[in-house]
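Trainee: I would like to learn how to read salt bridges in a model. Can we work through one together?

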Amino acid sequence: MTDLPVNQSIPRSWPSENERGYHIPNQRFGTIHSIKIIAIGAGISGISLAHDVQEHGENIDLTIYEMGGDVGGTWLWNKYPGCRCDIPSVNYQMSWCPNPDWSEYYSTAGEIQQYYKHIVDKFALKKYMRFAHEVIRAEWVEDTKKWKLTIKASDGQQFEDECNIFINGGGVLNDWKWPDIEGLHDFQGILCHTARWPKEFDHKGKRVAVIGSGSSGIQILATIQPEVKQLYHWIRSPTWITPGFAQQFAAPGGKNFSYTKEQKKLFAEDPRHALKYRKMIESELNERFKFIVQGTAEQKATLEFANKDMRQRLNGDKRLIDAIVPTKFVVGCRRPTPGNGYLEALLKPNVEVFTEMFQRITPKGFIDHEGNEHEVDAIVCATGFNTSFIPRFPVIGRHEINLQDRWKKYPVDSYLSLAVKDTPNYFMYYGPHGPTGHGSGAPMIEAMTRCFVQIIRKVQTENIVSIQVKDKAARDFNEHRELYLKRTAWAGQCSSWFKPGPDASPVMFPGNRVLFIELLTNPRWEDWDYEYGYAGNRFGYLGNGFTMRELDGRDTTFYYGLLDGVDKQPDYSDLRPMYAWM
């Protein structure tokens, strides 16, 4: 049989349309229809998506809008002194482009960004990205089964774009703002935020106040303390300060170290050795979930170690121990904060630590809790980001429901951190209820990307015009999640971006990273509702009864097994003369 081109008339003897209006499409089974996808964010998620679409996708028109001027995501924005990843370098990279030349076990923000810039250039992924373009609104249009987006360009001009599938890879570590502190903008010295560190700021020899004792505050204080004249700092709540992740493979005490030339040479020349090294560290990272589960031996040992270690590093200073060492929640209730050198820096003579907050900022400095004014040359706000998971712009799904309103109090109705009910053709990287708190995000992002690529291919080949998680699937997932998480450290009485409130259910995944990746490897297609083209007939994609396999050179008898393991139609010219009589 010869294929008939689409729209060409077919023989009258072929019944092709019924009284309902269903028309058999003139296509082969396996036809991959074109699709337009828009994503936001050229961080690790956007880079992973661009790579897999390019390498494994087909007939995909992909545009990634990035509000910044370059790739890198959080590593583009965060450039303050001491900014580095607490995950080992070799485990914070893409599996499809390992770097044998990391300079340190825990890399700086600058080196991480350079790595991701390198792979974007190596795989020519910039063609998918439009920088200095910010998505400011997204709305599902039921009539067209498409998303309509409003984008603001760098010149302030706005325009619209539309797509079949919208993927949010914007992350949660980019939405910063100045803290609400009386007199902050009256200060006449240098005022900066760690999320937008000024290149021209030289802290050496200056009097500096560091506000914030989270990850960024801890890193910056430990880094600049030896170089400033005087440093002021506030500890407002207890937190577990630990060595970096996978500390047993770091330097003694969990400290950072530089790779030697010999080690880099070995990683470059022996990829198997390098892979085994990465897998060894990753295996240790995966074990960390055990100390998140309440009552385990691992949790008890971790708590004993962290408590003893912090007290020793604070040299028995009772005032600081009482202020910073937690007594009401275990390790893991918040994400453990690696802080090599931070506790030791608090004891240095040029550091003054307050355990009560100042009254206000003045043009020259600040008024402390006792009413004394301290003059400083610079104020650093290490006050983090909005980590509420609420979209930074309106995302309006079916029934005109804005996700910003749905998640105003708590991120309800989420499914596996990937999707949300009533919001068709919308997917998220690291949405709420994902595997956020106990290891590297890179392999999780790769797993999410592979899952999205499978969904995209299903939509393309089965002529699906909308795919939306079933209400009951979302309800069942969240019922299981809420009950399971009560057995974890995340349910403890601590304030954390894992929890919108002290009594709220943690916004975490109910299981470890291995479980999450296995779950995403084979998507649960039964958890979704679908709408189809072809007059709504789900089997329209069967088409004219023939397959693409018969045209594209793949083996048509693949079900017998593949010769030499290759899915290619065999050449039978050597056998035919031996067995064929005509």
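Trainee: Let's start with D161. Is D161 buried or exposed?

Mentor: Keep in mind that this model is predicted. To read burial, compare the relative accessible area with the cut-off: buried means under 20%. D161 has a relative accessible area of 14%, so D161 is buried.

Trainee: Which residue forms a salt bridge with D161?

Mentor: K36 does. The closest N and O atoms are 2.6 Å apart. K36 lies in strand 1, residues 35-40, and D161 in strand 6, residues 158-163, so the pair ties together parts that are 125 residues apart in sequence.

Trainee: What is the relative accessible area of K36?

Mentor: The value is 22%, so K36 is partly exposed.

Trainee: How many salt bridges does the model have?

Mentor: The count comes to 30. The rule is a distance test: a side-chain nitrogen of Lys or Arg within 4 Å of a carboxyl oxygen of Asp or Glu.

Trainee: Which residue pairs with D413, and is that partner buried or exposed?

Mentor: D413 forms a salt bridge with R406, with the closest N and O atoms 2.6 Å apart. R406 is buried, and so is D413.

Trainee: Which residues do shared partners join into one network?

Mentor: E142, K145, R398 and E531. Salt bridges that share partners link them.

Conventions
Residues numbered from 1 in each chain as written. Predicted model: local features only at pLDDT ≥ 70, side-chain atom pairs only at ≥ 80, totals over all residues. Heavy atoms only, no water. Helix = DSSP H or I, 4+ residues; strand = E, 2+ residues; numbered from the N terminus. Buried < 20%, exposed > 50% of the residue type's maximum accessible area, 1.4 Å probe, protein only.
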